[in-house]
Amino acid sequence: MAIVYGPVASWRLGRSLGIDLLNAKRKVCTFDCVYCQLGETSRFFVEPKEFISLDQLTSEFESFRPIDADYATFSGMGEPTLASNLGKAIELARSVLDLPIAVLTNSSLMFREDVRERLARADVVVAKLDAQSEELFSVVNRPASSLRFHTIVDGLRQFRNTYQGKLALQVMFVQANEGYAEGIAELARSISPDEVQINTPLRPSKVKPLLPENVANIRAKFSNLRNVVTVYEAPRREVRPLDLVETLRRRPGPKDYLV
Ligand code: SF4
């Protein structure tokens with residue numbers, strides 16, 4: 001299985017070369033979000049460990065020709081902060097690929113200082129915030145039993161206070177949290193991100209996406225925040241994945257989702 005996949009057309013990051021430090025056949029995650037495109041979480045992970053060695057990553061990079069991409073993005077088959085070598089992998093990817101580095105995280109482990117230190121090496125961190133209360137968090141993100149919403153929000157705040165790069169909050173709206181947009185916007189405001197990305201599942205998912213007009217109404221509730229973007233407004237970049245099979249494993253859907 002390849003560790004590096006794509007590039008994919010990311011509405012947030014343009015042409016994004018994916019790096020999957022988990023590289024597992026099944027999802028490795030702290031959450032089991034109702035909308036997850038990777039299927040159900042059969043087993044929760046909450047303790048970071050090494051899934052892929054830096055030697056394996058180095059040998060995969062060695063076979064690479066220069067890639068036409070805007071970002072190298074740590075994402076893949078689950079939650080990338082579960083990889084204990086994420087920080088060193090970020091440094092390695094930056095030195096070899098000569099691209100800015102992004103990490104897409106569900107924020108769940110940002111209460112840990114070691115995880116915040118690893119994330120801080122990225123140029124862009126896109127962090128999930130789908131709720132404003134413990135109750136809604138348990139409905140939408142269905143986390144591992146040891147995780148608490150207020151601890152995660154505390155971790156996000158601590159990260160915001162020290163992080164020098166660009167922090168984007170990504171909020172995935174589905175029917176379950178649509179009615180709580182005001183409260184989520186208020187919480188987002190208190191974290192003071194550089195950008196807010198309002199999403200709804202346009203790729204294959206068990207739950208239906210919200211309509212463009214509903215997303216536009218939600219956007220209005222985030223009006224006091226800087227740089228608010230929605231998935232319906234974002235331009236799509238044309239890309240050609242290096243390996244379509246490996247790319248579709250992490251980004252399931254018809255091929256035209258990728259181009
Ligand atoms: S955090 Fe991401 S990978 Fe994990 S369950 Fe949610 S959507 Fe799926």
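## Basis and overall makeup

Residues are numbered from 1 along each chain as its sequence is written, and side-chain values use heavy atoms, with hydrogens and water left out. In this predicted model, local features need pLDDT of at least 70 and side-chain atom pairs count only at pLDDT 80 or more, while totals for chains, interfaces and linings use all residues.

The protein has 9 helices and 8 strands; helices (H or I, at least four residues) and strands (E, at least two) are DSSP runs, numbered from the N terminus. Of its 259 residues, 54% count as buried, where buried means under 20% relative accessible area, exposed over 50% and partly exposed in between (1.4 Å probe, protein chains only). Among contacts (heavy atoms within 4.5 Å) between residues at least 6 apart in sequence, 75% join residues at least 24 apart.

## Aromatic pairs

Rings of Phe, Tyr and Trp (its six-membered ring) pair if their centres lie within 6.5 Å; planes under 30 degrees apart count as stacked, over 60 as edge-to-face and the rest as tilted. The count by this rule is 5 aromatic pairs. In one of them, the ring centres of Phe 31 and Phe 137 are 5.4 Å apart and the planes stand at 75°, so the pair is edge-to-face. This pair links distant parts of the chain, 106 residues apart: Phe 31 is in the loop between strand 2 (14-19) and helix 1 (54-62), and Phe 137 is in helix 4 (residues 134-140). Phe 31 is buried at a relative accessible area of 3%, and Phe 137 is buried with 3% relative accessibility.

The rings of Phe 159 and Tyr 163 have centres 4.5 Å apart and planes at 25°, so this pair is stacked. Phe 159 is buried at 1% relative accessibility, as is Tyr 163 at 5%. Ring pairs also join Phe 31, Phe 137 and Phe 149 into a cluster.

## Packing of helix 1 and helix 2

Two packed helices are described by the angle between their axes and the distance between the axes. Helix 1 packs with helix 2 (residues 86-97) at an angle of about 15°, the axes being 11 Å apart. Helix 1 is therefore roughly parallel to helix 2. Axes are lines fitted to C-alpha atoms, for helices over the stretch in contact, and angles run from 0 to 180 degrees between N-to-C directions. Angles under 35 degrees count as roughly parallel, over 145 as roughly antiparallel, 65 to 115 as roughly perpendicular and the rest as oblique.

The crossing of the two helices is right-handed; a crossing is right-handed if the near helix is turned clockwise from the far one by less than a right angle, and left-handed if anticlockwise. From helix 1, Leu 54, Leu 57, Thr 58 and Phe 61 meet Lys 88, Ala 89, Leu 92, Ala 93, Val 96 and Leu 97 of helix 2.

## Selected residues

Arg 160 lies in helix 5 (residues 149-162) and is buried, at 14% relative accessibility. Leaving aside residues up to four places away in sequence, Arg 160 touches Gly 165, Leu 167, Ile 191, Ser 192, Pro 193 and Asp 194.

Gly 6 and Pro 7 are joined by a cis peptide bond, with omega about 0°; Pro 7 is in strand 1 (residues 4-10). Asn 23, not a glycine, has a positive phi of about 45°. Asn 23 is placed in the loop between strand 2 and helix 1 and is buried, with a relative accessible area of 11%.
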